[in-house]
Amino acid sequence: MEEKGEVKLLGDWPSPFVIRARIALNIKSVDYDYIEQPVPPVSELLLKSNPVYKKIPVLLHHDKPICESLIIVQYIDEFWSSGPSILPSDPYERAIQHFWAAYVDDQWFRSLCRLAKSKGEEAKAAAIEQVKGGLLLLEEAFEKCSKLGKAFFGGDEIGYLDIALGSYLGWLRVNEKMNYLKLLDEAKTPGLAAWAHSFCAHNAVKSVMPEIDRLTEFAKARYGYQEPTLPTK
Amino acid sequence: MAEEVILLDFWSSPFGMRVRIALAEKGVEYEEREENLNNKSPLLLKMNPVHKQIPVLIHNGRPVCESMIIVQYIDDVWNDRAPLLPSDPYQRADARFWADYVDKKIYNIGKLVWISEGAVQKAAKRELLGCFKLLEKELGDKCFFGGDRLNIVDVALVPFYSWFYALEACGNFSIVAECPHLVAWAKRCMERPSVSKSLPDQYKVYTHLLELRREHVARLGAQLQAQQAQ
């Protein structure tokens with residue numbers, strides 16, 4: 001049983017990367033101090049804990065820092081090894097989870113960011129196609145990983161890839177709301193649509209996923225998100 | 001059970017070199033298949049439909065893609081010898097952090113050094129040397145990033161030693177003058193057959209990268225002409 005103060009997480013509530021660490025800690029029922037470190041400015045503590053990137057999340061375990069969200073998730077899985085497993089034990093299944101998590105981070109989330117920043121109908125349409133195309137690929141991956149009808153990429157329980165992708169659901173919903181469209185479509189990606197509901201309702205997740213309205217207001221203030229004019233008939 | 005291990009590869013790819021080194025460290029026998037990147041094989045397109053890139057490790061018919069994911073897989077499967085990660089969770093996290101840092105930075109910034117010129121190249125050189133110096137600091141007095149054996153950081157980084165001649169020639173600077181400890185580390189790595197047999201000759205790489213640069217400049221020129229004609 002961890003003593004209070006042994007585990008600290010430096011975070012910022014809108015960050016999907018911080019959400020990943022919090023979900024992992026919740027899965028393992030780890031008691032931790034959550035310290036909001038909204039950036040900018042970069043605090044002394046954050047600068048000392050993550051001198052290379054100066055970014056949250058940072059997990060401090062006995063004051064030793066661990067940085068980069070998916071590396072933090074793996075550390076949590078390996079250190080608190082007696083709790084429910086986040087990564088599977090089979091090397092091939094682990095490689096598949098890592099592959100799709102890297103795809104989500106390197107390709108899919110970037111396409112979501114491009115959508116958020118795109119200006120003009122043509123650019124927006126192209127960005128939407130990319131996001132939806134990625135979701136179709138992820139739907140296929142979900143069918144394979146969840147092994148015939150299980151709720152999560154990890155099977156019966158939330159795993160590494162669930163955390164990697166699920167942490168972006170808040171921002172996905174914000175983009176849907178701001179653009180008056182559906183990106184995660186029950187008709188085209190039924191598996192993912194159902195998965196998203198199960199994920200957000202999970203005990204380890206619901207207390208750390210931000211409310212969409214709050215996230216939308218944050219996006220407007222921080223990134224200048226503007227609602228587009230409603231399409232005219 | 002007979003293991004079938006095939007590596008779809010390209011001789012000058014630093015990412016392919018990472019996998020070669022990992023397999024060699026573990027003493028795994030495999031069949032290497034050289035891909036023509038201008039005419040990718042049906043096998044490559046089938047085994048890596050998402051990225052269509054090498055390296056791809058095909059182990060008993062099942063593909064594993066993305067070089068550092070393949071390296072981790074190799075370490076997990078052949079876990080009875082030459083560990084590429086320590087057993088302590090904190091040290092593992094630390095090694096993963098630095099391997100990820102190499103992955104995020106060195107290829108993209110290094111490429112700008114040999115492919116671009118002027119202000120872009122100058123900025124890239126400065127940034128690359130900054131990265132190398134940070135890695136030198138992380139290495140410290142150790143023989144390798146893994147201590148007395150290679151770990152995933154060594155495996156991630158040492159393939160870029162094959163770029164050093166090209167970087168210096170194209171960028172007109174001396175890496176050994178700026179980062180002597182890093183060059184000494186690379187030479188220690190090269191004393192291991194797993195590394196020396198996995199890295200191509202630096203001059204051969206230089207002529208290849210020059211060719212890629214020529215093609216890149218020609219493409220840019222053609223694009224500019226097309227824009228001006230509009």
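How many salt bridges does the rule find across the interface of chain A and chain B? It finds 4. The legends below describe close-up views of a predicted model.

**Figure 1. Salt bridges and polar contacts between chain A and chain B.** Among the 4 salt bridges across this interface is the one that A:Glu78 forms with B:Arg96. In that pair the closest N and O atoms are 3.0 Å apart. Between the two chains, 7 residue pairs are in polar contact, counting pairs with both residues at pLDDT 80 or more. On the side of chain A that touches chain B, two or more residues each come from strand E4 (64-67), helix H3 (69-79) and H4 of chain A. H4(A) gives the most to that side, with 10 residues.

**Figure 2. Extent of the interface between chain A and chain B.** Contacts join 23 residues of chain A to 23 residues of chain B. The area buried between the two chains is about 2,200 Å², and carbon and sulfur atoms account for 70% of it. Three aromatic residues, A:Tyr53, A:Tyr92 and A:Phe99, supply 29% of the area that chain A buries against chain B.

**Figure 3. Aromatic pairs around A:Trp100.** Over all chains the structure holds 33 aromatic pairs. One of them joins A:Phe99 and A:Trp100 in an edge-to-face arrangement, 5.1 Å centre to centre with 90° between the planes. A:Phe99 and A:Trp100 are both buried. A:Trp100 also forms an edge-to-face pair with A:Tyr103, at 5.4 Å centre to centre and 80° between the planes. Helix H4 (residues 91-117) of chain A holds both A:Trp100 and A:Tyr103. The two residues are 3 residues apart, about one turn of the helix. Like A:Trp100, A:Tyr103 is buried.

**Figure 4. An aromatic cluster in chain B.** Five residues are shown: B:Phe15, B:Tyr107, B:Trp114, B:Phe160 and B:Trp163. Together they form one aromatic cluster.

**Figure 5. Charged side chains over aromatic rings in chain A and chain B.** In chain A, the ring of A:Tyr34 has the charged end of A:Arg22 over it, 3.8 Å from the ring centre. In chain B, B:Lys204 lies over the face of B:Trp11. The distance from B:Lys204 to the ring centre of B:Trp11 is 4.5 Å.

Definitions and conventions: Residues are numbered from 1 along each chain as its sequence is written. Chains are lettered from A and ligands numbered from 1 in the order in which they are written. Side-chain values use heavy atoms; hydrogens and water are left out. Rings of Phe, Tyr and Trp (its six-membered ring) pair if their centres lie within 6.5 Å; planes under 30 degrees apart count as stacked, over 60 as edge-to-face and the rest as tilted. Buried means under 20% relative accessible area, exposed over 50%, partly exposed in between (1.4 Å probe, protein chains only). Helices (H or I, at least four residues) and strands (E, at least two) are DSSP runs, numbered from the N terminus. A charge sits over a ring if NZ of Lys or CZ of Arg is within 6 Å of the ring centre and within 35 degrees of the ring normal. Contact means heavy atoms within 4.5 Å. Buried area is the accessible area (1.4 Å probe) that two parts lose on being put together, summed over both. A salt bridge is a side-chain nitrogen of Lys or Arg within 4 Å of a carboxyl oxygen of Asp or Glu. A polar contact is a pair of N or O atoms within 3.5 Å; within protein, one must be able to donate a hydrogen and the other to accept it, and residues adjacent in sequence count only if both atoms are side-chain atoms.
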